[in-house]
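Student: I have a structure open and I'd like to learn how to read its features. Can we go through them one by one?

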Amino acid sequence: MRTHIIFAALAFGAAALPGAAMADDPRDPEMQSEQAVALDRAKVRQLNLDMLAQVTARDAGYAAAWKQYEEAKANEAQHAEAYRIRMAAYQQQQSRYAADRQSYEQAMEDWRRDVAACRAGDRTACQ
């Protein structure tokens, strides 16, 4: 069992080694001609341009997302301020209602007392 693990590790290591050995070798005889070097440079330049286009597109997407985020934060602040104003108006309205209700209850109590006094014979309360 132990030998199988050792051989599996060696096989895996041997399979991984040629990947590093396949890199371009500047001393490779096929890379000595000017045409091969120019072709290699053109390929590398095209790869770089492609990567630049990808990075530029990615960064533009990030910038758009950040702009939307900042706009949302600004809108959130505006909405929060509008909510605060509406809440203050609502609370004032509730306070006025409570005061009006208390005044109404007091007026009804006074009226009932006057009606009771009038029915009891107090003619000054009947007016």
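Student: Let's take disulfides. How many does a search of the whole structure find?

Tutor: First the general idea: a disulfide is a covalent bond joining the sulfur atoms of two cysteines. Keep in mind that you're looking at a predicted model. Searching the whole structure turns up 1 disulfide. Its partners are cysteine 118 and cysteine 126, with sulfur atoms 1.7 Å apart.

Student: Is that disulfide right-handed or left-handed, and why?

Tutor: Look at the torsion about the S-S bond. For cysteine 118 and cysteine 126 that torsion is about 100 degrees, so the disulfide is right-handed.

Student: And how do I describe how open to the surface each cysteine is?

Tutor: Partly exposed covers the range between the buried cut-off, under 20%, and the exposed cut-off, over 50%. Cysteine 118 comes out at 23%, so it counts as partly exposed. Cysteine 126 has a relative accessible area of 34%, so that one is partly exposed too.

Student: Okay, on to salt bridges. How many are there in the whole structure?

Tutor: The idea here is a side-chain nitrogen of Lys or Arg within 4 Å of a carboxyl oxygen of Asp or Glu. The search finds 4 salt bridges. One of them links arginine 84 and glutamate 81, at 2.6 Å from N to O.

Student: Where do arginine 84 and glutamate 81 sit relative to each other?

Tutor: They are both in helix α2, 3 residues apart, so about one helical turn separates them. Arginine 84 is partly exposed because its relative accessibility is 47%, and glutamate 81 is partly exposed at 37%.

Student: Which residue forms a salt bridge with aspartate 59?

Tutor: That's arginine 58, and the closest N and O atoms are 2.9 Å apart. Aspartate 59 is partly exposed at 37% relative accessibility, and arginine 58 is partly exposed at 41%.

Student: Now aromatic rings. What do I look at?

Tutor: You describe a pair of aromatic rings by the distance of the centres and the angle of the planes. This structure holds 1 aromatic pair. Tryptophan 66 and tyrosine 69 make it up, with 5.5 Å from centre to centre and 90 degrees between the planes, an edge-to-face arrangement.

Student: Where do tryptophan 66 and tyrosine 69 lie?

Tutor: Both are in helix α2, 3 residues apart, about one turn of the helix. That helix runs over residues 34–119.

Student: Is tryptophan 66 buried or exposed?

Tutor: With a relative accessible area of 55%, tryptophan 66 is exposed. Tyrosine 69 is partly exposed, at 42%.

Student: Last one: which residues form a nonpolar patch on the surface?

Tutor: A nonpolar patch joins nonpolar side chains that lie within 5 Å. Here the patch consists of Tyr62, Trp66 and Tyr69, and together they have about 390 Å² of accessible area.

Key:
Residues numbered from 1 in each chain as written. Predicted model: local features only at pLDDT ≥ 70, side-chain atom pairs only at ≥ 80, totals over all residues. Heavy atoms only, no water. Patch = residues over 30% accessible without salt bridge, like charges linked within 9 Å, V, L, I, M, F, W, Y side chains within 5 Å. Areas by Shrake-Rupley, 256 points an atom, 1.4 Å probe, with all protein chains shown as cover. Helix = DSSP H or I, 4+ residues; strand = E, 2+ residues; numbered from the N terminus. Buried < 20%, exposed > 50% of the residue type's maximum accessible area, 1.4 Å probe, protein only. Disulfide = S-S within 2.5 Å. Phe/Tyr/Trp six-rings, centres within 6.5 Å; stacked < 30°, edge-to-face > 60°.
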